[in-house]
Amino acid sequence: MAMKSEASREPFHLSMLFNDARYRARTIQVIAFIMLVLAVAWLVDNTIHNLAALGKNFSFGFLWSTAGYDISPHAIDYSSTSTHARAAIVGLLNTLIVAALACVTATALGVLAGVLRLSNNWIVARLMTVYVESFRNVPALLWIIVVAAIMSEAMPTPSAFRGENPTASMVLWGSVAVTNRGTYLPVPDFSRSLGAFGGFDLNYTAILVTLALSLLAHRRLVRHAQRVQAMSGQRPATWWKSLCLFAVPMVALLYALGFHLEYPALRGLNFTGGLLLRNSFIALWIGLSVYSGAFIAENVRSGILAISRGQTEAAHALGLSPSRTMRLVILPQALRIIVPPLISQFLDITKNTSLGLAVGYMDLRSTLGGITINQTGRELEAMLLMMLIYVSISLIISGIMNVYNSRIRLQER
């Protein structure tokens, strides 16, 4: 103790920054930070000088000039006379849409394949093994191109649906047409409109708000039932109340808006009406889903195998069926192991949407990082914007999934 107090009273001198363990770590960190700042400053200065030598300035003004190209599909109003900024927003929305759909389908496919791979049925287990080993060892781009080729070459042309004896017919009670130009689906339509604001249809906005309010009311209902159960030991029935909370407001709103379905119909040389899912969108969606689903299946399988077999035996001893054991006992515990690598898979799916460029899907990479750069010559500014957008999306996904992961993790005392 005396030696320690004497060392603490020793006067400070510069050699202590490297010789004294109390200061050495911080000194190295400060030096590393200064070197990083100098490197970034040199890089920025070098870039500015090179741009000046080429007669360019660093500016984002190109975002407000006319884009001059069409984008299909587009979730908001867009035309060739719109700005490059709006084109970038349309590409971003296309990226988010296909990424969200691929995350959902890949998760569903991965959970199913991961559970079935542990099945006692030898054939089912081996088929799932073939799926996992085949799809995860082939690049995602190849699967996207394969699906695009099948949709373009193997599907019938619109003319095949014409005539008294057509060689092709619409499926699902004559409501869906699958062609080599895309898949035509029924689309919701309204006889009355609330208008639009900022390019967004207020009818759909009202539907989303109603759904959000129903979800909040349902959460309060569930919490009330939990409090009643904690106080009385009996849980009140809530299924019919939940059904009313979701069904009654939504049905009333849809009736007030005059909701109906618009079906595709063959007129002239092609189908008109309905919702067109282009082959590029379908190829990217299916390709990312089956590729990432194989990795998620392995995450699910490893999470299930990490749970003690005694959990399964205890559930069977209580009379639970194998399906209820998996759904109520095993999977909830395995989620703590499955979710962390699942976050990485969601991030990979979002970033791999840029592969849609190979099949002509107009996402953020094709719009802001493709045509906009070719037309404006602002490659540095456009790439910086793309990097910022992808980083922001990744951080948001990671943050949301980490919040969910913290909620399901094992609570220790």
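A crossing of two helices is right-handed if the near helix is turned clockwise from the far one by less than a right angle, and left-handed if it is turned anticlockwise. Keep in mind that this is a predicted model.

**Stop 1: H7 and H8**

Select residues 202–232, helix H7, and residues 239–257, helix H8. Their axes lie 9 Å apart, at an angle of about 165°. Angles over 145 degrees count as roughly antiparallel, and H7 and H8 are therefore roughly antiparallel to each other. Now apply the handedness rule: H7 passes H8 in a right-handed crossing.

Show side chains next. On the H7 side, pick out residues including Asn 203, Ile 207, Leu 211, His 218 and Leu 221. Their partners in H8 include Lys 241, Phe 246, Pro 249, Met 250 and Leu 257. Colour this contact by class, and you get 13 nonpolar residues, five polar and one charged.

**Stop 2: Arg 235**

Move to the loop between H7 and H8 and select Arg 235. Is Arg 235 buried, partly exposed or exposed? Its relative accessible area is 41%, so Arg 235 is partly exposed. Which residues does Arg 235 touch, beyond those up to four places away in sequence? They are Val 222, Ala 225, Gln 226 and Gln 229. Draw a distance from the C-alpha of Arg 235 to that of Ala 225: the two atoms are 6.0 Å apart, with the residues ten places apart along the chain.

**Stop 3: H9 and H11**

Select residues 279–305, helix H9, and residues 322–352, helix H11. The two axes come within 8 Å and cross at roughly 140°. That makes H9 oblique to H11. H9 passes H11 in a right-handed crossing.

The H9 face of this contact includes Leu 284, Leu 288, Ser 292, Phe 295 and Gly 303. Facing residues in H11 include Met 326, Ala 334, Pro 341, Gln 345 and Ile 349. The contact of H9 with H11 has 15 nonpolar residues, five polar and no charged ones.

**Stop 4: two residues of H9**

Stay on helix H9 and select Ala 283. Ala 283 counts as buried, at 0% relative accessibility. Beyond its neighbours within four places in sequence, Ala 283 is in contact with Ile 144, Val 147 and Ala 148.

Leaving out residues up to four places away in sequence, Ser 292 touches Ala 106, Gln 345 and Ile 349.

**Stop 5: the cores**

Now look for the largest nonpolar core, which has 34 residues. Start from the residues with the most contacts inside it: Phe 281, Leu 284, Leu 288, Phe 346, Ile 349, Ile 397 and Met 401. Helices H4 (84–116), H6 (140–153), H9, H11 and H13 (379–408) each supply at least two residues of this core. Which helix gives the largest share? H11 does, with ten residues.

Zoom in on Leu 288. Setting aside residues up to four places away in sequence, Leu 288 touches Ala 102, Ile 144, Gly 293, Ile 349, Asn 352 and Thr 353.

Finish at a second, separate core of ten residues. Select Phe 62, Leu 63, Ala 88 and Leu 364, which are among them.

Conventions:
Residues are numbered from 1 along each chain as its sequence is written. This is a predicted model: local features need pLDDT of at least 70, side-chain atom pairs count only at pLDDT 80 or more; totals for chains, interfaces and linings use all residues. Side-chain values use heavy atoms; hydrogens and water are left out. Axes are lines fitted to C-alpha atoms, for helices over the stretch in contact, and angles run from 0 to 180 degrees between N-to-C directions. Helices (H or I, at least four residues) and strands (E, at least two) are DSSP runs, numbered from the N terminus. Angles under 35 degrees count as roughly parallel, over 145 as roughly antiparallel, 65 to 115 as roughly perpendicular and the rest as oblique. Contact means heavy atoms within 4.5 Å. Ala, Val, Leu, Ile, Met, Phe, Trp, Tyr, Cys and Pro count as nonpolar, Asp, Glu, Lys and Arg as charged, and the others, Gly among them, as polar. Buried means under 20% relative accessible area, exposed over 50%, partly exposed in between (1.4 Å probe, protein chains only). A nonpolar core is a set of buried Ala, Val, Leu, Ile, Met, Phe, Trp, Tyr and Cys residues joined through side-chain atoms within 4.5 Å.
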